[in-house]
Amino acid sequence: MFWGTPVPASPGGRIIEGHEADIEDYPWTLSLLLHYQHYCGAVLIGENWALTAAHCVDHGFHENLAVRAGSTSKSIGGEIVDIIHVHMHPEYDPESVDYDFAMCHLAVSIRVPGARAVQLPQSHHPIKDGDIAHVSGWGTLEYDGISPDNLHAVELPVLDRRECERIYSERLTERMFCAGPLEGGKDACQGDSGGPVVIDDHLAGLGPEPEPGPEPEPGQEPEPEPGPIPDINVRKL
């Protein structure tokens, strides 16, 4: 599942049936750090601007936030830059998780080799059923597992809107779309919340807040399923 309530000490996140990735292939992917420890995902949208999920930064500890850029590892390498201000989307609703975006103003411009800003979406570039969404992050690889040190990625098909509405009913807003195979098995799960969801080399959305589901039976893992992703194409940033 994709939705739920974040816990500041443990952001979670899983990329299931994905693959290990190199930051050179996903150069806009950032590790959002709380007290200089990986906490959530983020995406570079300008030399000194990052975008992440509002639910990742609504805890109020903004003076303790930073990002790591240009590193495949979440713990070493690249460049660490402090965040000096967080701009929450004015219409962010923590109950419905609508408008789940926050812009982070970085203390200095990111210059490290291997990092570059993602292309932002254009109004003439709509998300279509069957588009392939590329999700990257440092989420755990199995249920209740340990977050890997190296970046992972997964490719997920965009789900038909009507099917998405059937699954998520009232929880789905006009600012969300679904991605993931109906048969399950391949998933970004918590997507490393706040991390990039890229379609055709343009930012399409962010890894959403996970939704708690029923506890799995002993020895079993919960079945991944398509989940709603905040659609940046219709956000007012």
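Which residue in β7 is the bridge partner of Leu-51? I looked this up before anything else. The partner is Met-103. I note here that the model is predicted.

**Entry: the β4 and β7 pair.** Strand β4 covers residues 49–52 and strand β7 covers residues 102–106. They run antiparallel, and four bridges join them.

**Entry: the barrel.** I then traced the sheet that holds this pair. It is a closed barrel of six strands, in the order β2-β3-β4-β7-β6-β5, with antiparallel pairing. On average, neighbouring strands of this sheet are turned by 45° against each other, direction ignored.

**Entry: the open sheet.** I looked up a further sheet, which is open and has five strands. Its order is β1-β9-β8-β11-β12, and the pairing is antiparallel. I checked the edges next. β1 (19–20) and β12 (202–206) stand there, and each has a single partner strand, so one side of each is left without a neighbour in the sheet. For β1, I looked at its pairing with strand β9, residues 152–157. Two bridges connect β1 and β9 in the antiparallel sense.

**Entry: two loop residues with positive phi.** I went through the backbone angles and wrote down His-35 and Tyr-99. His-35 is not a glycine, yet its phi is positive, at about 55°. I found His-35 in the loop between β2 (29–34) and β3 (37–46). Tyr-99 is also a residue other than glycine, and its phi is near 55°, a positive value. I placed Tyr-99 in the loop between β6 (79–88) and β7.

Is each of these residues buried, partly exposed or exposed? Tyr-99 has 9% relative accessibility, which is under 20%, so I list Tyr-99 as buried.

**Entry: the whole chain.** I closed with the totals. The protein chain has one helix and 13 strands. Read along the sequence, I get the pattern β-β-β-β-β-β-β-β-β-α-β-β-β-β. Of the 237 residues in the protein chain, 51% are buried. I also took the contacts between residues at least 6 apart in sequence, and 72% of these join residues at least 24 apart. The protein chain exposes about 10,800 Å², and carbon and sulfur atoms supply 50% of that area.

Key:
Residues numbered from 1 in each chain as written. Predicted model: local features only at pLDDT ≥ 70, side-chain atom pairs only at ≥ 80, totals over all residues. Heavy atoms only, no water. Pairing = 2+ DSSP bridges. Axes fitted to C-alpha atoms, helices over the stretch in contact; angles between N-to-C directions. Buried < 20%, exposed > 50% of the residue type's maximum accessible area, 1.4 Å probe, protein only. Contact = heavy atoms within 4.5 Å. Areas by Shrake-Rupley, 256 points an atom, 1.4 Å probe, with all protein chains shown as cover.
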